[in-house]
Amino acid sequence: MQKVTPKKALGQHFLNNQSIAEKIVQSISTTNHNILEIGPGMGILTQFLSQCEDSNFKVVEIDAESVVYLKNKLPSLHIIHDDFLKLNLSEHFTEKLTVIGNFPYNISSQILFKVLENKDRVTELVGMFQKEVAERVASKPGKKMYGILSVLLQAYYDIEYLFTVDEDQFTPPPKVKSGVIRMIRNPEKKLCCDEVLFKSVVKTAFNQRRKTLRNSLKSFSFTEEYKNNPIFSMRPEQLSAEQFEEICFKGD
């Protein structure tokens, strides 16, 4: 069977190590009946995922050449020929689901924000990202990598960095190492504060990350008395998602 030509415009780097592919699939830890793979390419993860018993397994693929290849390789596979970033998940899954994939690096942050928008439907994500992005998502307060994406995702998901994958495990090899993470939806259905305010505070604070919160959040209407709280003497990278939530709750 003729192979799919990797397309630079789509950020395609096809994993070529079967044991790593199986390890990624085995990293799914929840019992979701619904599984969606993003960008299966030539199906190295798909072959293992399609063996999951009693699962409602689908793939979404934007590349027409990959779609034809997968139809020939796995005729019974449910393929959604579409762009995941434009996909209405509720049209394809009525219940909770797991998202998995070797994600294109050029849209990895957009994929994460799409998952965040669907946080009440996507209860688990297992995925491979550029190592730097994977580390940033899983980073804890006080670390250099910790930032906006870390806080926004960690407010809703428990995140674990699983393992690193070297460049030579892909065709063509990327210029950077890759990292696999697992995100599991935490028990909190909603934040205790306004979500729009929470996002705004986090983004504003990290856009001026060298400043203390007292200086970076001047534009917000927190009371002067509340601003005397020692937490406002801290810089954004020192605060957990829960502490940002606390600021927004008390400042509402």
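Because the model is predicted, local features need pLDDT of at least 70 and side-chain atom pairs count only at pLDDT 80 or more, whereas totals for chains, interfaces and linings use all residues. Residues are numbered from 1 along each chain as its sequence is written, and side-chain values use heavy atoms, with hydrogens and water left out.

The chain contains 10 helices and nine strands; helices (H or I, at least four residues) and strands (E, at least two) are DSSP runs, numbered from the N terminus. Along the principal axes, the C-alpha atoms fill a box of roughly 70 × 40 × 25 Å. Of the 252 residues, 52% are buried, where buried means under 20% relative accessible area, exposed over 50%, and partly exposed in between (1.4 Å probe, protein chains only). The accessible surface amounts to about 12,600 Å², and carbon and sulfur atoms account for 48% of that area; areas come from the Shrake-Rupley method with a 1.4 Å probe, and for residues only the protein chains shown count as cover. When contacts (heavy atoms within 4.5 Å) between residues at least 6 apart in sequence are considered, 65% join residues at least 24 apart.

The largest pocket has a volume of about 650 Å³. Its lining comprises 37 residues, of which Q12, F14, G39, P40 and G41 are the closest to the centre. A pocket is an open set of points on a 1 Å grid over the protein atoms alone, where a 1.4 Å probe fits, with protein on both sides within 12 Å along at least five of seven lines; lining residues have an atom within 4 Å of a point. Grid points are joined across faces, edges and corners, and a volume is the space filled by probe spheres set on the points. At least two lining residues of the largest pocket come from each of strand 1 (14–15), strand 2 (34–38) and strand 3 (56–61). By class, this lining has 19 nonpolar, 12 polar and six charged residues; Ala, Val, Leu, Ile, Met, Phe, Trp, Tyr, Cys and Pro count as nonpolar, Asp, Glu, Lys and Arg as charged, and the others, Gly among them, as polar.

The second largest pocket has a volume of about 290 Å³. K8, G11, H13, P174 and K175 are the closest to its centre among the 13 lining residues, which divide into six nonpolar, five polar and two charged.

Helix 4 (residues 108–117) includes Q110, which counts as partly exposed because its relative accessibility is 44%. The buried residues of this helix are S108, I111, L112, K114, V115 and L116. Their cover includes strand 2, strand 6 (122–130), helix 5 (131–138), helix 6 (148–154), strand 7 (157–165) and strand 9 (178–185).

Q243 lies in helix 10 (residues 241–251) and is likewise partly exposed, at 26% relative accessibility. Apart from neighbours within four places in sequence, Q243 is in contact with I231 and Q238. Finally, a cis peptide bond with omega of about -10 degrees joins T171 and P172; P172 is located in the loop between strand 8 (170–171) and strand 9.
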